[in-house]
Number of protein chains: 2
Amino acid sequence: MIQYRVAEIGDEVGIHGLIRELAEYERAPDSVINTVESLRRDLFTDPICEAFVATSEESIVGFALYYVSYSTWRGRCIYLEDLYVRPEYRRHNIGNELFELVRNEAVKRGYKRMDWQVLDWNEPAITFYKKQGAELDPEWINGRLYFD
Amino acid sequence: MIQYRVAEIGDEVGIHGLIRELAEYERAPDSVINTVESLRRDLFTDPICEAFVATSEESIVGFALYYVSYSTWRGRCIYLEDLYVRPEYRRHNIGNELFELVRNEAVKRGYKRMDWQVLDWNEPAITFYKKQGAELDPEWINGRLYFD
């Protein structure tokens, strides 16, 4: 039995574990420099982001983490930073449920757009997002600077 | 003589005009549903974003608008949503100066990354960002849902 709820203080440990799992799947395991402590602050004590979690017997098996972004064209939007379900819990609609929770939150707040990114080789994710009715647009390229 | 400063209340009118100019250049003139009034709120009275402006004789000729984003891998980042200089004021280093102001702000706050996006056909912008030492990565595709 899967349950869904807004992330609560203490969930940062389980979410951080899943963030690391997802980074491994995305072939970037060394990219996670964020710590459990900073995730706790960023979600709960000095929040910049929010999350929904899916739990099975009180263990977090999936999460959707998002924040409020801004488009000069459309105003406030929701940016879905991570959506992840542990491999052994897939094909039970958990990804769909988490995506719906974020989408409904965006609509409830009156935001005009929801954004995220997907790796061009991640076929299962691309198929999933197309089912959500999403527009997938390769015309915009990411620019990045890292400060270490 | 170009001057640079943090955007102040009242600047939303000039900035909004440049947002429309930039959308036209990006071949999406009808995409701007944001109004001057909502931009005023979003920058100043209930802020979600911030901006630097470049002025010539008190007229805004360029701007850089950004907000705090979040990476589950790196923590708080700065997202540069728009960087624009009016065509007749280009080749005077204004884009560089605005970019530097945002970059310095990100470093000052201890953020670990600065992100933005560029259209794949916008060669002048791509050349500009490469000069800034940026990584340009086409591997991530944008997913989007619109709520109208």
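Which residue of chain B comes closest to the rotation axis? In this predicted model, local features need pLDDT of at least 70 and side-chain atom pairs count only at pLDDT 80 or more, whereas totals for chains, interfaces and linings use all residues. Residues are numbered from 1 along each chain as its sequence is written, with chains lettered from A and ligands numbered from 1 in the order in which they are written.

The residue is Ser69(B), whose C-alpha lies 3.4 Å from the axis. Chain B is superposed on chain A by a rotation of 180 degrees with 0.0 Å of shift along the axis (RMSD 0.0 Å), which is the relation of a two-fold axis.

An open sheet of seven strands, with mixed pairing, has the order 1(B)-2(B)-3(B)-4(B)-5(B)-7(A)-6(B). Strands are DSSP runs of E of at least two residues, and helices runs of H or I of at least four, numbered from the N terminus; pairing requires at least two bridges. Strand 7 of chain A pairs with strand 6 of chain B in the antiparallel sense over three bridges, and Arg144(A) has Glu135(B) as its bridge partner. Helix 3 of chain B packs on the sheet and touches these strands, among others; contact means C-beta atoms, placed from the backbone, within 7 Å.

| Strand touched by helix 3 | Residues |
|---|---|
| Strand 2 of chain B | 50-56 |
| Strand 3 of chain B | 59-71 |
| Strand 4 of chain B | 75-85 |
| Strand 5 of chain B | 113-119 |

Beyond its neighbours within four places in sequence, Val102(B) is in contact with residues including Phe52(B), Ala64(B) and Met114(B).

Note on methods:
Two residues are in contact if their C-beta atoms, placed from the backbone, lie within 7 Å. Axes are lines fitted to C-alpha atoms, for helices over the stretch in contact, and angles run from 0 to 180 degrees between N-to-C directions. Copies are superposed by least squares on the C-alpha atoms of residues with pLDDT of at least 70 in both.
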